Amino acid sequence: MTASERIVILTGAGISAESGLGTFRDVGGLWSQYDLADVATPEGFARDPGLVHAFYNARRQNCREAEPNAAHHALARLQAKHPDVVIVTQNVDDLHERGGAQAVIHMHGELMGALCAQCGARWSAPDRMEATDACPKCGSPATRPDIVWFGEIPYQMRRIEDALATATLFVAIGTSGEVYPAAGFVQDARAREAQTLELNLEPSGGANQFHSGRYGPATEIVPAWVAEILGD
Ligand code: BJW
């Protein structure tokens, strides 16, 4: 790695799979157990907020019990040596932070956050959230998880676009590349002449959009890649 390399890393559910958190689209993944229209859309929440809160309460509990794995730790080690490395995650867990990463961009929100659908206030989610919980700021019973559902605009897009505009290396880790706008980042980076690399258990459907790929469990291939670019 040279001093002028500007790396943007996009992570997805695959990086947390070996910590015991389920992915979405793999066999047995969350979308084979739940209808995403019921639990990951504003319309689903309006229909049955209790069901959606139960879904996220359970995932929050799983997340609290999970530990960051060697892939999360490796990215934190890379960032500690090169603080300008930008980590954008689609994941709503906090394993990057607990693994030591800084300033992680959570484009799809955070499990540990609560949001008032009425006034936009944000606060730390309690273990169990319920539809009748009152917003601590405006008092409305409009509490929802601070999660970006289908049809909503992902967070911090300007920051992400700025990082991609100057990236020289874009790396996607553990994501199927099926959900936009994240799925388009590889093309955005390529349009700016960045090199692109996919790290995944197996080639994703969009693998041919990347200049290169390395395949295997994240806990093996991510630390190996980081060691290589740090010259360990
Ligand atoms: C391993 C591994 C191991 C396993 N080691 N690897 C038609 C065309 C184009 C777009 C659209 C369209 N219709 C609608 C849209 C837009 C829509 C969209 O993309 N839909 C698609 C389904 C087509 N997108 C949206 O609505 C987004 N908003 C939007 O576009 O707003 C407009 C706008 C954008 C920008 C500016 C202005 C306006 C919002 C998307 C919200 C996504 N939300 C979810 C759920 C909420 C979070 C949560 O509950 O956790 O986010 S969906 C779900 O998918 C979740 C994830 O973050 C996201 C991505 O999934 P991910 O991480 O890729 O997981 P998987 O399971 O798919 O893949 C796992 C991968 O890991 C696999 O490849 C495995 O091989 C690998 N793996 N084990 C390494 N051990």
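How much area do domain 1 and domain 2 bury between them? The structure examined here is a predicted model, in which local features need pLDDT of at least 70, side-chain atom pairs count only at pLDDT 80 or more, and totals for chains, interfaces and linings use all residues. Residues are numbered from 1 along each chain as its sequence is written, and side-chain values use heavy atoms, with hydrogens and water left out.

The protein is divided into domain 1 (1-21 + 68-108 + 154-232) and domain 2 (23-65 + 112-147), with bounds from an automatic or database domain assignment. Their centres, taken over C-alpha atoms, are separated by 26 Å. The two domains bury about 930 Å² between them, 59% of it on carbon and sulfur atoms; buried area is the accessible area (1.4 Å probe) that two parts lose on being put together, summed over both. On the domain 1 side, Leu21, Val92 and Tyr155 lose the most area to domain 2, together 44% of what that side buries. Contact (heavy atoms within 4.5 Å) links 13 residues of domain 1 with 12 residues of domain 2.

Now to the ligand. Because both domains give residues to the shell around the ligand, the ligand lies between them. Of the 35 residues around the ligand (a heavy atom within 4 Å), Arg25, Arg59, Thr175, Ser176 and Tyr180 come nearest. A polar side-chain atom of His108 lies 2.8 Å from an oxygen atom of the ligand.

Technical notes
Polar contact = N/O pair within 3.5 Å; in protein donor to acceptor, adjacent residues only side chain to side chain.
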